[in-house]
Amino acid sequence: MSSSSNASLLTRPTVPFAEAAWHAGLPNPYYTKRSHYELREWLLKWVADNLMDIADEWEDSSDEEQRKALFQKFVDAGFMLPFALGVKIPERFYKMAGGLKLPGNVEPSDIMLDELNRCASNGLVMGNYGGTAYGAGPIVHFASPELQERILPDILTGKKRICLAITEPNAGSDVANVSTTAKLSADGKYYVVNGLKKWITNGIWSDYFTTAVRTSGKPGEHKGISFLVIPRTKGVSTKAMKMQSAGSGTTIFEMDDVHVPVENLVGKEGEGFKYIRMTIVYVALRFARGDIEDATNHANRRVVFGKKLIEQPVVRHQLAHMAREVEALQAWTESLVFQQSKMTIEQSNVLTGGSAALLKAHSTIVLANVVREAGLLLGGMGLTKGGAGARIERIYREVNALMTPGGARDVMLDAGIKQAIKTIRIDPSKL
Ligand SMILES: Cc1cc2nc3c(=O)[nH]c(=O)nc-3n(C[C@H](O)[C@H](O)[C@H](O)COP(=O)(O)OP(=O)(O)OC[C@H]3O[C@@H](n4cnc5c(N)ncnc54)[C@H](O)[C@@H]3O)c2cc1C
């Protein structure tokens, strides 16, 4: 088998379908480098040492010092750069990040996201990841070199934090409804910003807000919406929101006559959404595999009516349905990421944007099915905080926190088909 020398580096799974096939040492076309395997092993240990034992208490904790100390661990591990840049990291950004690299120096983001989410706490991972990933993305890809040099070194070294602020009380799925205004001052040197944003991940801890503002046009119009990087300055206020999925610093962000230099305007709009969608797919995938792992382990232990649960054909059926859904999701995800990796951003937006929207919706539907069945298999333990059902109980509460942000399920299903209909007549070689 082609990957056998690399596979020997792996900690093998002990539960069927709890890991992607390459983790079990099977051949695969995507994870072919030795460094992929080394990175995974390193992450497995990092997550075991730093996240697994704290995930249970994290959502109820309000200890600021503990939260900051954990964020610093994420920074020291070298995660900020791949959080902000995703898969392809040009050399100049390594310099901005003070030279910190993940072991292996491979395209890290999918392996990294997969492993971090093994702790099965969206709040814990998003609390350290979400703002940097989504807020810095537009700056990395579309800001002027001057703005990048001014802001990114502090973000990439963890000295400052950032978030993405798009949603408003009347502009969620319907982004065109954004009504936050950014009016150019008489001398043309700054924008005066007024408006209110809601559900902003990491907002409460942020020094910068990559904000969707209306520089022209009216609510309801797509034209006239731009991204402006707003520093925490006079006129900015933030208030924490209490959420079902806790721990990620979800925030109300208000702007009252905030003066922002015109140099903080970020080039294009709207390109960041696809990246957000794919990251959610990886979270859903790992959560679903965690459910299978814990449900299978429980079925192997629990004796009911004189037999282990796993000896009941109906229980094996339940596990089979979970496995087939998760394996199909993995295959679609890997093939789509492979396609995207072979295209320019423009080609990929046109040709895979519809599939990415459908996949985002699909991944959360699969997760909802899997976690429901896994929870039922654990009986009362599936509804109990802590113990054998801890991950399943937590994931059950997190499903809608994946299904709604980054494009709500029904909006994505519709958008996916609309985009696919538009794309079907396009010859990829002509793009
Ligand atoms: C945990 C969490 C974190 C978030 N983080 C951020 C963040 O960091 N930054 C940010 O800007 N925003 C963030 N959001 C906001 C998120 O992007 C919005 O909640 C999402 O876009 C949906 O908008 P809405 O809540 O206004 O729901 P609405 O737009 O009111 O939609 C409600 C429901 O209506 C249905 N619906 C709407 N339109 C259609 C349609 N055309 N066809 C069929 N059904 C439809 C869908 O079922 C949808 O779920 C976050 C939200 C959550 C819950």
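This is a predicted model: local features need pLDDT of at least 70, side-chain atom pairs count only at pLDDT 80 or more; totals for chains, interfaces and linings use all residues.
Student: What makes up the chain in terms of domains?

Tutor: The chain is divided into domain 1 (4-156), domain 2 (162-266) and domain 3 (273-430). Let us take domain 1 and domain 2. Their centres, taken over C-alpha atoms, are separated by 27 Å.

Student: How do you know that domain 1 and domain 2 are in contact?

Tutor: Contact needs heavy atoms within 4.5 Å. By that rule, 24 residues of domain 1 are in contact with 17 residues of domain 2.

Student: How is the size of an interface often given?

Tutor: It is often given as the accessible area lost when the parts come together. Domain 1 and domain 2 bury about 1600 Å² between them. Of that area, 65% is on carbon and sulfur atoms.

Student: Which elements supply the side of domain 1 that touches domain 2?

Tutor: α4 (64-76), α8 (122-142) and α9 (145-156) each supply at least two residues. α8 gives the most, with 14 residues. By class, this side of domain 1 has 12 nonpolar, seven polar and five charged residues.

Student: Why is A120 called buried?

Tutor: The cut-off for buried is under 20% relative accessible area. A120 is at 2% relative accessibility, so A120 counts as buried. Its place is in the loop between α7 (109-116) and α8.

Student: What makes the phi of A120 worth a remark?

Tutor: Most residues other than glycine have a negative phi. A120 is not a glycine, yet has a positive phi of about 60 degrees. N202 is not a glycine either, and has a positive phi of about 70 degrees.

Student: Where is N202, and is N202 buried or exposed?

Tutor: N202 is in the loop between β3 (190-200) and β4 (208-214). Its relative accessible area is 0%, so N202 is buried.

Student: Why does E393 count as buried?

Tutor: E393 is at 10% relative accessibility, and the cut-off is under 20%, so E393 counts as buried. The place of E393 is in helix α13 (residues 390-403).

Student: How do you know that the side chains of E393 and R397 are in polar contact?

Tutor: The limit for such a pair of N or O atoms is within 3.5 Å. The polar contact joining the side chains of E393 and R397 is 2.6 Å. Leaving aside neighbours within four places in sequence, E393 is in contact with G382, L383, T384 and K385.

Notes. Residues are numbered from 1 along each chain as its sequence is written. Side-chain values use heavy atoms; hydrogens and water are left out. Domain bounds come from an automatic or database domain assignment. Buried area is the accessible area (1.4 Å probe) that two parts lose on being put together, summed over both. Helices (H or I, at least four residues) and strands (E, at least two) are DSSP runs, numbered from the N terminus. Ala, Val, Leu, Ile, Met, Phe, Trp, Tyr, Cys and Pro count as nonpolar, Asp, Glu, Lys and Arg as charged, and the others, Gly among them, as polar. Buried means under 20% relative accessible area, exposed over 50%, partly exposed in between (1.4 Å probe, protein chains only). A polar contact is a pair of N or O atoms within 3.5 Å; within protein, one must be able to donate a hydrogen and the other to accept it, and residues adjacent in sequence count only if both atoms are side-chain atoms.
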